[in-house]
Amino acid sequence: MRITENYKTAITLIADGRLTSTEFAKLPINEKIDCLLHLNGSNKASMILDDPNPGLLVQSLPMWDIFQIIHEVGAENTVDIFQLANPEQVRFILDLELWEDWTISVEECVKWIEIILSTGEDNALRMLSELDQELLIIFLKKTLTVGGGLDDIINSEDHHGDWDHTFDEVFFLRIHDDENSELTLKLLEFLYNEDHRLYRSLMLGVESELMSELEEMAGQFRAGRLADEGLPASIGGAEFYDRRMK
């Protein structure tokens, strides 16, 4: 690869702590990626967002670099970076962030669902539709019970049961996680309005699928993706970060 003068200058400026967005913007994409390897998470984030084409830059970064930015700067402070990530990068981040042992953490799911919903309707719909449905169903099964689904049977017991909410008089919801009920209903209302097919699939899954089978399937998907990156299925985000920083 031919090394440009701008790249040599950029490396020198990095070493001196004086790399500016102007010098960085002049570099070809492959040299930008290389320069970012020399920066910490917050400086990476600033340089990316100042770039003329931040989406291309984010989606060209290795998985580790995206994770490093989010881990060091904080998920809530890197929404602008996260919403530019491609589906593989998003799944990698959530594979590391959501899981506790062999199931997912409700607390972490709540945090990341809030972040996804905060990225705007189009981005949120894209990211939610690209996730493993099993993950969303597991989260919902941990926070609510679903009944109904047979709206042609007028005398169904579910239609006359004690439920907390329904969007359509077809599926009925009983919330058993009061702390996160507002977010759960916000998520479902968004999907009901914007992607009814996904909403219906999730409701049917929560109503009928076994938690153990869902966790096994979701865990297998996760383990396969992590194995492709040379990582064990038992690894978590903090351990992965510590391992890479050694």
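Predicted model: local features only at pLDDT ≥ 70, side-chain atom pairs only at ≥ 80, totals over all residues.
## Helices α6 and α8

Let's start with a helix pair: the axes of helix α6 (residues 63–73) and helix α8 (residues 87–97) come within 10 Å and cross at roughly 55°. The two helices are therefore oblique to each other, and their crossing is right-handed.

On the α6 side, the contact is made by Met63, Ile66, Phe67 and Ile70, while α8 brings Glu88, Gln89, Phe92, Ile93, Leu96 and Glu97. Sorted by class, the contact of α6 with α8 has seven nonpolar, one polar and two charged residues.

## Helices α11 and α13

A second pair worth a look is α11 and helix α13 (residues 196–208), which pack at an angle of about 55° with their axes 9 Å apart. That angle makes α11 oblique to α13. Here, too, there is a right-handed crossing, as α11 passes α13.

From α11, the residues in this contact are Gln133, Leu136, Ile137, Leu140 and Lys141; from α13, they are Leu198, Ser201, Leu202, Met203, Gly205 and Val206. By class, the contact of α11 with α13 has seven nonpolar, three polar and one charged residues.

In soluble globular proteins, nonpolar side chains tend to be buried together. In this model, the largest nonpolar core has 63 residues, and Phe82, Trp112, Leu128 and Leu140 are those with the most contacts inside it. Helix α9 (residues 106–117) gives the most to this core, with seven residues. Apart from it lies another core, of ten residues, including Trp64, Leu96, Ile235 and Phe240.

Two of these names tie back to the helix pairs: Leu140 is part of the contact between α11 and α13, and Leu96 is part of the contact between α6 and α8. As for Leu128, leaving aside its neighbours within four places in sequence, it is in contact with Ile116, Leu117, Leu136, Leu187, Phe190, Leu191 and Leu198.

Thr143 sits in helix α11 (residues 133–143), and at 1% relative accessibility it counts as buried. Beyond its neighbours within four places in sequence, Thr143 is in contact with Val106, Ile175, His176, Asp177 and Thr184.

Gly55 is found in helix α5 (residues 54–60). With a relative accessible area of 16%, Gly55 is also buried, because the cut-off for that class is under 20%. The C-alpha atoms of Gly55 and Asn86 are separated by 9.0 Å, and these two residues are 31 residues apart along the chain.

Terms used
Residues numbered from 1 in each chain as written. Heavy atoms only, no water. Axes fitted to C-alpha atoms, helices over the stretch in contact; angles between N-to-C directions. Helix = DSSP H or I, 4+ residues; strand = E, 2+ residues; numbered from the N terminus. Parallel < 35°, antiparallel > 145°, perpendicular 65-115°, else oblique. Left-handed = near helix turned anticlockwise from the far one by under 90°. Contact = heavy atoms within 4.5 Å. Nonpolar A, V, L, I, M, F, W, Y, C, P; charged D, E, K, R; others polar. Buried < 20%, exposed > 50% of the residue type's maximum accessible area, 1.4 Å probe, protein only. Core = buried A, V, L, I, M, F, W, Y, C linked by side-chain atoms within 4.5 Å.
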